[in-house]
Amino acid sequence: MFKCAFVVCGLLAFPYQVSLRDQRQNHFCGGAILNARWLITAASCAQGKVAADIVAMVGSKSLSRGGSFHQVDRIVVHPNFAEEQLLNDVAVMRVRVPIVMNPDTMAVMMANYYTSIAYGALVSGWGRRGIDQPQFPDWLQYVPTTIITNTECEARFESPYNGRITDAVLCSSSPEGQGICLGDAGGPLVHSGQLQGIVSWGIPCGMGYPDVYARVSVHRAWALVHTMI
């Protein structure tokens, strides 16, 4: 992700942030804590995987130090996920052992209202800092970004990407040189303390196009049904 490093840009907290790892502890996607047993991420992060493949790290802003690790034991992908267009790109994952909440590890509230425009949203993750930089940064990165209308978002893409902008997605706009990159999928977009979006896709990395998310308010009811403890 083209963005600010946590240690450089101020003492902001992201206690809901999740790093999804394979069994060799390699980070591949982000996520967010919904409650002690359930995480939310992108459906594309679950494609081709079974629960036994995935470990969730919570409670640390570093990929290499601290945090607690939780084996995933169940994956539920949105039934209407369309892989080719990345529509309804949302999934929830259950961890085998409940997550212990503390100041570094907290759940995030899902937005229950449709946001059209908002300033000062934050997207966070450990994605690459550039398309030509294969290593993920060790420290959690983030970008302050602006949620834009779907009309503006659609107008800024050409075919076939503009056809993916539906009411079930949300878009954000950042200055060129900042934005999501490989490894950020599944990560949280938060505004006013509420989870507004799940990182889905963009034109990597920091090329001046909007970044696109699964809109949490649209998928909230579905997620709640599957994540009751």
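User: What should I know about the model itself?

Analyst: It is a predicted model: local features need pLDDT of at least 70, side-chain atom pairs count only at pLDDT 80 or more, and totals for chains, interfaces and linings use all residues. Residues are numbered from 1 along each chain as its sequence is written, and side-chain values use heavy atoms, with hydrogens and water left out.

User: How do I read the two faces of a strand? Which residues of E5 point which way?

Analyst: In a regular strand the side chains alternate between the two faces of the sheet. In E5, Val55 and Met57 point one way, Ala56 and Val58 the other. All four are buried, meaning under 20% relative accessible area; exposed is over 50%, partly exposed in between (1.4 Å probe, protein chains only). Strand E12 (residues 188-191) is also covered on both faces. Pro188 and Val190 are buried on one side, Leu189 and His191 on the other.

User: How is strand pairing read, and which strands pair with E5?

Analyst: Two strands pair if DSSP finds at least two bridges between them. E2 runs antiparallel to E5, joined by four bridges. There, Arg21 stands opposite Val55. E5 and E6 also pair in the antiparallel sense, over four bridges. Here Ala56 faces His70 in E6.

User: What does E12 pair with?

Analyst: Strand E9 (residues 118-125) pairs with E12 in the antiparallel sense over two bridges. Val123 has Leu189 as its bridge partner in E12. E12 is also joined by four bridges to antiparallel E13 (residues 194-201). Val190 has Leu195 as its bridge partner in E13. E12 and E13 form a hairpin with two residues between them.

User: How do I find a core, and which residues touch the most other members in the largest one?

Analyst: A nonpolar core is a set of buried Ala, Val, Leu, Ile, Met, Phe, Trp, Tyr and Cys residues joined through side-chain atoms within 4.5 Å. The largest has 41 residues; Leu20, Leu39, Ile40, Val92 and Leu195 touch the most other members. E3 gives the largest share, four residues.

User: What does Trp222 touch?

Analyst: Contact means heavy atoms within 4.5 Å. Not counting residues up to four places away in sequence, Trp222 touches Val76, Val77, His78, Pro79, Val90, Ala91 and Val92. Trp222 sits in helix H3. Trp222 counts as buried because its relative accessibility is 15%. Trp222 and Ala91 are 131 residues apart in sequence, yet 9.8 Å apart in space, C-alpha to C-alpha.

User: Where are cis peptide bonds?

Analyst: One runs from Ser159 to Pro160, with omega near 5°. Another joins Pro204 and Cys205, with omega about -15°. Cys205 is in the loop between E13 and strand E14 (211-215).
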